[in-house]
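Please have the sequence and the coordinates open while I talk.

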Number of protein chains: 2
Amino acid sequence: MQWEIDQIDPIIIDDPEDPRVAAYRDIRERDLTGRQGLFIAEGEVVVRGLASAASRCRPLSLLLAEKRVAVLTDVIQALPSATPVYVARQPVLDRIAGFELHRGILALGEKPAPPSLAELLADVGPQDVFVVASGIGNHDNMGGLFRNAAAFGAKAVLLDATCCDPFYRKAIRVSVGAVLRTPFAIAEAEVIVDALQQAGVEVLALTPSATERLSDYRRSGPVALVLGSEGPGLPRKLIDRCRPIGIAMAGGFDSLNVAATSAVALHHLTTTALARG
Amino acid sequence: MQWEIDQIDPIIIDDPEDPRVAAYRDIRERDLTGRQGLFIAEGEVVVRGLASAASRCRPLSLLLAEKRVAVLTDVIQALPSATPVYVARQPVLDRIAGFELHRGILALGEKPAPPSLAELLADVGPQDVFVVASGIGNHDNMGGLFRNAAAFGAKAVLLDATCCDPFYRKAIRVSVGAVLRTPFAIAEAEVIVDALQQAGVEVLALTPSATERLSDYRRSGPVALVLGSEGPGLPRKLIDRCRPIGIAMAGGFDSLNVAATSAVALHHLTTTALARG
């Protein structure tokens with residue numbers, strides 16, 4: 001293998017069992033078991049995000065299909081020089097990953113130290129919006145929540161302990177890398193709501209049981225949206241701590257997909273003017 | 001096998017090769033090849049929708065895991081008596097379907113005769129909203145579009161010929177059955193836009209290239225949203241026939257997922273009052 005590119009010194013991997021790429025082995029199964037402080041990023045857009053200045057995470061190494069090196073030249077050149085860039089032919093890569101990795105681009109990343117709730121809520125301004133998720137176990141939905149939170153400029157995402165890990169490979173991919181740069185903390189749902197309220201944030205619980213409609217709501221300062229999973233919805237006792245808000249539905253539906261709900265609510269909250277307090 | 005339920009006369013299937021369940025064989029692969037006028041519905045909610053009065057489709061047969069018969073008793077009793085209900089033990093069902101079918105509930109349905117554009121646009125009222133999709137090839141996104149169209153009461157969905165089939169099993173599932181009851185037609189995108197405009201419908205093209213923002217837009221009558229796929233977006237010549245509208249984004253994003261986009265736009269259009277024309 002040969003690249004006509006300066007300053008790229010890839011490490012060729014010929015043996016799928018090579019211990020240097022052990023972190024990339026059978027990633028589909030390992031996603032399900034979690035990994036301490038590490039995660040796998042996949043695909044060009046996400047790996048670019050991981051290596052970018054906006055990233056809260058550190059790239060520890062890259063593993064690329066031979067044919068995908070050229071497209072990432074600028075990323076590789078900007079990496080700290082000690083960062084290994086492993087390159088393998090497609091069949092070797094597929095055997096390492098444990099499935100056909102058509103994208104041909106992987107990176108091993110280090111999760112950031114999680115900020116505390118207090119840190120995330122230290123400096124709340126009147127325009128700030130927060131997204132709180134309770135019981136979101138589906139990686140697509142988690143990724144969608146982070147994508148929408150980032151796209152509408154939410155200040156942070158707050159997850160309860162029953163949510164899945166946003167650093168799962170698929171959640172990162174669906175988030176288009178937003179997981180890698182959006183600050184988030186994990187705590188009990190009640191603790192999150194209390195901390196937000198103590199910081200002067202109005203906390204809305206999105207629930208079909210609400211009588212107040214989102215479209216009639218005007219915020220008067222910082223606001224948080226609490227979103228639950230579609231089936232069970234939010235626990236009653238959590239809703240009771242918040243201002244319940246619903247989205248009007250037709251056709252016998254009582255709810256949207258949770259990521260779609262977040263987009264609808266964030267759009268409304270970020271485009272309607274603050275009411276006079 | 002035995003059920004203590006009157007009027008259920010299930011046909012027991014012991015042999016995965018039984019020709020009576022040929023339509024259910026290897027459904028994952030067959031999804032990709034299409035099927036003439038027929039489709040597979042999966043899961044309790046979707047199969048209930050297929051058999052409901054709101055359905056535009058006809059259930060031709062059911063194939064159930066033994067343990068799932070009881071939950072559908074009311075549905076089975078309401079089916080026309082000539083509708084076969086096949087029942088198999090889980091391992092037999094898995095071999096028929098070609099994968100582990102944990103949900104244990106399948107139905108074979110017949111697609112409705114597709115209405116023409118003219119029929120769908122024959123009686124347009126001032127509050128009507130239409131969803132137009134161009135180039136949506138992802139089944140999750142197609143299902144999400146239909147779910148959101150139904151949940152916000154859109155009158156019809158109009159697809160161009162480059163969209164995937166909404167009757168794919170996964171699209172139906174993601175739509176929570178909305179595909180089975182929402183009227184839709186398929187035509188060239190330009191033909192759809194022309195027909196809408198001739199029917200007095202204002203046609204909005206959702207595109208990051210727009211200068212006008214969705215949140216500033218007030219409809220003055222019937223309106224249609226044209227949505228494209230995330231990567232390439234809508235063709236320029238299609239945008240030029242429409243009123244381009246964009247959603248303001250933060251964080252370096254220029255677009256949301258297309259299903260999320262539809263939810264945001266439909267919520268805005270269905271909750272803001274008509275402007276005086």
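Let me begin in chain B, where strand 6 (residues 129–134) and strand 7 pair in the parallel sense over four bridges; two strands are said to pair if DSSP finds at least two bridges between them, and helices (H or I, at least four residues) and strands (E, at least two) are DSSP runs, numbered from the N terminus. Within that pairing, V131(B) stands opposite V157(B) of strand 7. To get from strand 6 to strand 7 of chain B, the chain passes through helix 6 (residues 139–151), and this β-α-β crossover is right-handed, meaning that, with the strands pointing away from the viewer, the path from the first strand over the helix to the second runs clockwise.

Before I go on, a word on conventions: this is a predicted model, in which local features need pLDDT of at least 70 and side-chain atom pairs count only at pLDDT 80 or more, while totals for chains, interfaces and linings use all residues. Residues are numbered from 1 along each chain as its sequence is written, chains are lettered from A and ligands numbered from 1 in the order in which they are written, and side-chain values use heavy atoms, with hydrogens and water left out.

On its other pairing, strand 7 of chain B is joined by three bridges to strand 8 (residues 184–186), and these two run parallel, with L159(B) opposite I186(B) of strand 8. Here the chain crosses from strand 7 to strand 8 of chain B through helix 7 (residues 169–174), in a β-α-β crossover that is right-handed.

Which way do the side chains of strand 7 of chain B point? In a regular strand the side chains alternate between the two faces of the sheet. In strand 7 (residues 156–159) of chain B, A156(B) and L158(B) point one way and V157(B) and L159(B) the other, and all are buried, where buried means under 20% relative accessible area, exposed over 50%, and partly exposed in between (1.4 Å probe, protein chains only).

Elsewhere in chain B, I40(B) belongs to strand 2 (residues 38–42) and is buried, with a relative accessible area of 2%; its C-alpha atom is separated by 4.8 Å from that of L108(B), 68 residues apart along the chain. K111(B), by contrast, lies in the loop between strand 5 (105–110) and helix 5 (117–120) of chain B and counts as partly exposed at 23% relative accessibility.

Turning to chain A, we find ten helices and eleven strands, and its C-alpha atoms fill a box of roughly 65 × 35 × 30 Å, taken along the principal axes. Of the 277 residues of chain A, 55% count as buried.

How many residues of chain A are in contact with chain B? There are 27 of them, in contact with 27 residues of chain B, contact meaning heavy atoms within 4.5 Å. The area buried between the two chains is about 2100 Å², with 64% given by carbon and sulfur atoms; buried area is the accessible area (1.4 Å probe) that two parts lose on being put together, summed over both.
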